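Me: I'd like to learn how to read a structure feature by feature. Could you walk me through one?
Reply: Gladly! Have a look at it first, and then ask away.

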Amino acid sequence: MNESKAICCFLPSRSTEKMEMAELHAHLNGSLSSRTLHALRQLQNSSDSEASGDSWKKCEAIINHGNERTLDECFQLFSVVHSLTSTPTAVSKATDDVIEEFEEDGVIYLELRSTPRCIDGVMTKEQYVEAIVKSIRKANISRNILTKLIVSVDRQRGLTEAEENVLLAVDMHSKYPDIVVGIDLSGHPCKGNIEDFLPLLENARSSGLKLSLHCAEVPNVDEVEKILKFEPHRIGHGTCIHPNFGGSEKLWNMLSKSGLAVEVCLTSNLKTKTIEGYEKSHLGPLLEQNIPVILSTDDKGVFATTLSEECRIAAETFSLTRMWMCEAMLQSVSYTFTTEDEKNKLVHSIHKFMNSSGCS
Ligand code: IMP
Ligand code: ZN
């Protein structure tokens, strides 16, 4: 992967051809396009007389206005989006659309993550997860994209909720082992104490779930050290680990030696102002150090991006070749929470694409 500084030739050799990609860091509710939000609004109007006009006004303002928000503003936006995915039908529709849109972009493997939510009298957390699983199952049969689910634990919502979500994830994993494959720790990076969550996450791991933890979105040397020592399967963002980015030499060495992959979400980081520019992002040192990176969208709806756009930005900013990008996708596949058989099929598909597009 150290040929990364080669001449930039990212443009597809056949311009209509889409690269085959793997998306490993996508939050369901953050991935809803404005098309889906509008459709959900209609659905809500037709079934619910309360139809929260206020929330829709806020939502519309956010959809229609500028893309630059602070981390705090983004978390406010999530609660508005959540008001539109408050029934199993809406959750299924959201999942269907997100899978379809990733497929349209060229994604052949998708790991969606989402925080189970209950709405009094309307939906239990089990029903929330079941609605997503049902849509994934349908798409895995009918579409050319394989999707899995990672259950999220929101660090902002405290330990009781976290416990509930981990138990639910373990239960769903035993019920749907081919679909529910992992746990994510996410939510506002300044809320909650990581030490409270680690024993729960350890339980999940011993039940066969894989772990992808948000890590170092903001500088927090102590917390990052605890996460790296915990050795999850992957980390999300990893923005503030390098000493020049609010981390330290010690953390950087730990990461370099760990073999952990970092899910890098450039546009998310730029728009939440946790990096100052693409060229000044942590992707530079990660590439230089040859640390495995997994280019991802995070919240394609909230940040108005796509995975192919993230690849284009990375390629243009760091002069990455198309060949590099295909190899990065093969590397992403090696970090997926799939079976060996599924990995082999994905690798085969990407190799086939590389051969047919003169990229091997
Ligand atoms: P959901 O889990 O499907 O409802 O997706 C939205 C949720 O994902 C938000 O409420 C956050 O908890 C989490 N999330 C989305 N983006 C980020 C991020 O950049 N950092 C941490 N948490 C995030
Ligand atoms: Zn995220």
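Me: Let me start with a strand: which residues of strand S7 (residues 261-264) lie on one side and which on the other, and are they buried or exposed?
Reply: Before we look, keep in mind that this is a predicted model. The general idea is that side chains in a regular strand alternate between the two faces of the sheet. In S7, Ala261 and Glu263 are on one side, while Val262 and Val264 are on the other. All of these are buried, and both faces of the strand are covered.

Me: In which sense do strand S6 (residues 234-237) and S7 pair?
Reply: They pair in the parallel sense, over three bridges. To see a bridge partner, pick glycine 236: its partner in S7 is glutamate 263.

Me: Let me move on to glutamate 217. Where does it lie?
Reply: Glutamate 217 is in the loop between S5 and helix H8 (221-230).

Me: Why does glutamate 217 count as buried?
Reply: Burial is read from relative accessibility, and the cut-off is under 20%. Glutamate 217 counts as buried because its relative accessibility is 11%.

Me: How many residues surround ligand 1, and which are the closest?
Reply: There are 17 residues around ligand 1. Glutamate 217 turns up again here, as the closest are His82, Ser114, Thr115, Glu217 and Asp299.

Me: Now the metal: which residues coordinate the zinc ion (ligand 2)?
Reply: To read a metal site, list the donors, then check the angles. Here the donors are His25 (NE2), His27 (NE2), His214 (NE2) and Asp298 (OD), at 2.1 Å. The angles among the four donor atoms run from 83 to 167°, and the site is irregular.

Me: How are the donor residues spaced in sequence?
Reply: The pattern is H-x1-H-x186-H-x83-D. Distant parts of the chain are linked by histidine 25 in strand S1 (residues 21-27) and histidine 214 in strand S5 (residues 210-215), 189 residues apart. Both of these histidines are buried.

Methods. Residues are numbered from 1 along each chain as its sequence is written. Chains are lettered from A and ligands numbered from 1 in the order in which they are written. This is a predicted model: local features need pLDDT of at least 70, side-chain atom pairs count only at pLDDT 80 or more; totals for chains, interfaces and linings use all residues. Side-chain values use heavy atoms; hydrogens and water are left out. Donors are N, O and S atoms within 2.8 Å of the metal (3.2 Å for Na, K and Ca); water is not among the atoms, so sites may look incomplete. Four donors count as tetrahedral if all angles lie between 85 and 135 degrees; four count as square planar and six as octahedral if opposite donors are over 155 degrees apart and all others between 65 and 115; anything else is irregular. Helices (H or I, at least four residues) and strands (E, at least two) are DSSP runs, numbered from the N terminus. Buried means under 20% relative accessible area, exposed over 50%, partly exposed in between (1.4 Å probe, protein chains only). A residue is near a molecule or strand if one of its heavy atoms lies within 4 Å of it. Two strands pair if DSSP finds at least two bridges between them.
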